[in-house]
Amino acid sequence: MKRQDNRADSHLAPQVEFDTMGNGAWVNQGYCASPLPLPRRISTIYNSQHHFQGSTDSMYKLDTTGPFPEEPLPEEPPSTDRSLMKKRRGCCSFIKGFWGTTLTENTSNNRELYVRTTLRELVVYLVFLVDICLLTYGMTSSSTYYYTNAMTDLFVNTGGESGVSFQSIGTMADFWTYAQGPLLDGLYWTKWYNNKSLNRGEQSFIYYENMLLGVPRMRQIKIMNNSCKVPKDFEDEITGCFDVYNDKKEDDLSFGLINGTAWTYHTEKEVKGSSYWGLLTTYSGAGYYQDLSRSKEESAMVLGELVDNLWLDRGTRAAFIDFAAYNANINMFCVIRLVVEFPATGGAIPSYQIRTVKLIRYVNHWDYFVLGCEIVFCIFIFYYVVEEILELRIHKLSYFNSIWNILDIVVIMLAIVAIVFNIFRTVKVDNLLGKLLEQPGIYADFQFLAFWQTQYNNMNAVNLFFAWIKVFKYISFNKTMTQLSSTLGRCAKDILGFAIMFFIVFFAYAQLGYLLFGTEVKSFSTFVKCIFTQFRIILGDFDFDAIDQANRVLGPIYFVTYVFFVFFVLLNMFLAIINDTYSEVKEELSSQKDELQITDIIKQSYMKTFTKLKLKREKISDVQKALQSGSEEIEFKDFRETLKEMGHSEHEISAAFSRFDHDRNLILDKGEQDRMKIELEEKRDALCTELNHLGRHYGKDLMEKPSVTSDEQKHSSQTFVDQEQFLRLVRQVVQLDSSVAGIQSSMEFIMGKLGLQEKGKETAKKLTVTKNNRDDTASDGSVLVCVDRGTKAEALSRRAADCTGAAHDSRM
């Protein structure tokens, strides 16, 4: 079985290569399609239908009902095994064509196939990227920020008559002042600004637009007494010791009035809460809680009872205020948590968390458009899952040697998790809202959903970031686009070695700063803050006065030495490593031979279209010459012989003649000749116009290229030619390519036909078929067809080369 290789170097390469399938064949487990079928007819260089198929079809359309039908070739008898094999090959060919990538096809020796496959992957991936962008941005809007900002101003920045706001809370007394003043005023909006009722019963609408869901909840976490040890010297003066917060030292005993949830401990499971990461430490979801009421008056009474019975005491380490609101105008939930931490040192540290999320997804037309994007997203994920499975099946563990393949797996895994959570979130929200509508007086715990919705948004943001980075995978075939990856890859070892030295010095200064200024400067209060503060110093953001005030001697020394060694020395060494490597990479890329690029493929398609139009115009000219005999009647025999001498095939001549021979008498009378001449002239004028337009466009592109200076010519090893000579060479090469392509198709057809005719014979004999009137054919520009049925690939290649030479001489 023979196999024809693709011409990898260029589509203009005038050579034909044949190999046996057993020698040098690339076995691809992801591709099992059969080779292209043999053509059904002999085609000369003037018949370009086998190579160019597009919108500009040939002027000849074969009329099967005409008087000159083409004799069909004998067909092989049907076979069950052969039909099964065809079905299997068809399935594999579909999979290969639909999921074909540079890793599932042999593109190592075929640059054109590599670029085309990469370009197809890039187009598909850009569609996926647009879809994931629409999907991600469809889950949020600019209204989210303004909603969050409005709630922040109301509950965090607004102060009451006493001037205490949430941000200014510094003691337990300030906490109660805020809770009984600004908090209640912000939670319950039942009247207009002119003191007229909203006429909505007890339901509160914050800012007249945001419905308060359920009732707010207050919760505290306490630490047990004697959780730490008082020194003996102070045992008489200090009674009781409350350690810093630790979940193992939580107080779970009832206190105060004992009856009621505010005075009884509840586990995290009973409260259905979750842990919270505060400014000082992480707190559990358990504790003592008190739900407020739907009216402002009743809530004020509840808060008064808590204050009177000393609900907050020395053991309190954190107090939480949780509530949620819904704005139907923008279909957004705002889940708010106000936290006041009471450290063991005394005082209070306020913090807050406001999550504005979209939990009800599908309401308006835009939401349903996003739903469509989600469905397309799922289809893309299935497509890429199958693609990665095929690549893993072919390359096994070596698949993970590429960072891009690992990035593919990460993107797919994050997408699958996002799809699963999207389904879970929809079901969970429906259940929670249904329960809330049945019991409007209960606490609406949206903290869990808001937390995971935020994580879902974060995951989509990270996934979108990786998806954009993945674009470099498909544009890396371009030399310019590979500079970044090549530079980072080459200097990775140097950067790693330098990073060790850098961070030794960096962490030494971080520890020095923490020990020197940690007790007075906030930005150095923890070791983690020291690290980020030193990165800010590198960028020029620092507070030297605070450092100098904390330590007037070591502070300036620390600052000056850090800036000198880290900023002026180490950082510039880091940049020097990258600059040197980039210079080396750029120099190597400039010295490399230019490979086939996307622009080359576009130019090839352009030249093929140009050649096709030109060949069609030559066909029309040949037919016009055949009609210039001057006789009133032209018989089919004379018409056929004239065009066959010009190199046209039998079926083309029959199709052209039968199209205008309306009476089917095999004779073109005067009227039929006139109609043919008029139509041919119209088509010829149209083709000339299109050819002139393409020629001017191509010449314009050449003229727009920057001229080469004399110095560049002097230092360049390339040979420059003028425009006319270049265009002439291009035309000759294109004609030669068309000749070789015609020879290939003719040889394939004859080989297949002879193989069918002599099937069953024990020995194969050499057969050479040549056309008569070699000299006339060469002068008219036709092609000499040579056939050698030898089994040796070398002999076949040698005869193909001889045919190529003959075609070259005839066309030149």
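1. In which crossing does H7 pass H8? H7 passes H8 in a left-handed crossing. A crossing is left-handed if the near helix is turned anticlockwise from the far one by less than a right angle, and right-handed if clockwise.

2. This is a predicted model, in which local features need pLDDT of at least 70 and side-chain atom pairs count only at pLDDT 80 or more, while totals for chains, interfaces and linings use all residues. Residues are numbered from 1 along each chain as its sequence is written, and side-chain values use heavy atoms, with hydrogens and water left out.

3. The protein chain has 23 helices and 12 strands. Helices (H or I, at least four residues) and strands (E, at least two) are DSSP runs, numbered from the N terminus. Of the 812 residues in the chain, 40% are buried; buried means under 20% relative accessible area, exposed over 50%, and partly exposed in between (1.4 Å probe, protein chains only). Among contacts with a separation of 6 or more, 68% join residues 24 or more positions apart, where contact means heavy atoms within 4.5 Å.

4. Helices H7 (residues 365–395) and H8 (residues 403–438) have axes 10 Å apart and pack at an angle of about 140°. Axes are lines fitted to C-alpha atoms, for helices over the stretch in contact, and angles run from 0 to 180 degrees between N-to-C directions. H7 and H8 are therefore oblique to each other. Angles under 35 degrees count as roughly parallel, over 145 as roughly antiparallel, 65 to 115 as roughly perpendicular and the rest as oblique. Residues in this contact include Phe-377, Ile-381 and Glu-388 of H7 and Ile-409, Ile-412 and Asn-422 of H8. By class, the contact has 10 nonpolar, 2 polar and 4 charged residues. Ala, Val, Leu, Ile, Met, Phe, Trp, Tyr, Cys and Pro count as nonpolar, Asp, Glu, Lys and Arg as charged, and the others, Gly among them, as polar.

5. Helix H4 (residues 172–187) packs with helix H6 (residues 296–308) at about 170°, their axes being 11 Å apart. That angle makes H4 roughly antiparallel to H6. The residues that meet include Trp-176, Ala-179 and Leu-184 in H4 and Ala-300, Leu-303 and Val-307 in H6. This contact divides into 7 nonpolar, 3 polar and 2 charged residues.

6. The largest nonpolar core has 44 residues, of which Phe-155, Phe-175, Trp-311 and Leu-338 touch the most other members. Such a core is a set of buried Ala, Val, Leu, Ile, Met, Phe, Trp, Tyr and Cys residues joined through side-chain atoms within 4.5 Å. Elements that give two or more residues to this core include H4, H6 and strand S9 (332–341). H4 gives the most, with 7 residues. A second, separate core of 21 residues includes Phe-498 and Leu-570.

7. The loop between H6 and S8 holds Leu-310 and Leu-312. Leu-310 is exposed, at 57% relative accessibility, and has a positive phi of about 55° although it is not a glycine. Leu-312 is buried, at 3% relative accessibility. Leaving aside neighbours within four places in sequence, Leu-312 is in contact with Met-172, Phe-175, Trp-176, Gln-220 and Phe-342. Leu-312 and Gln-220 are 92 residues apart in sequence and 8.0 Å apart in space, C-alpha to C-alpha.
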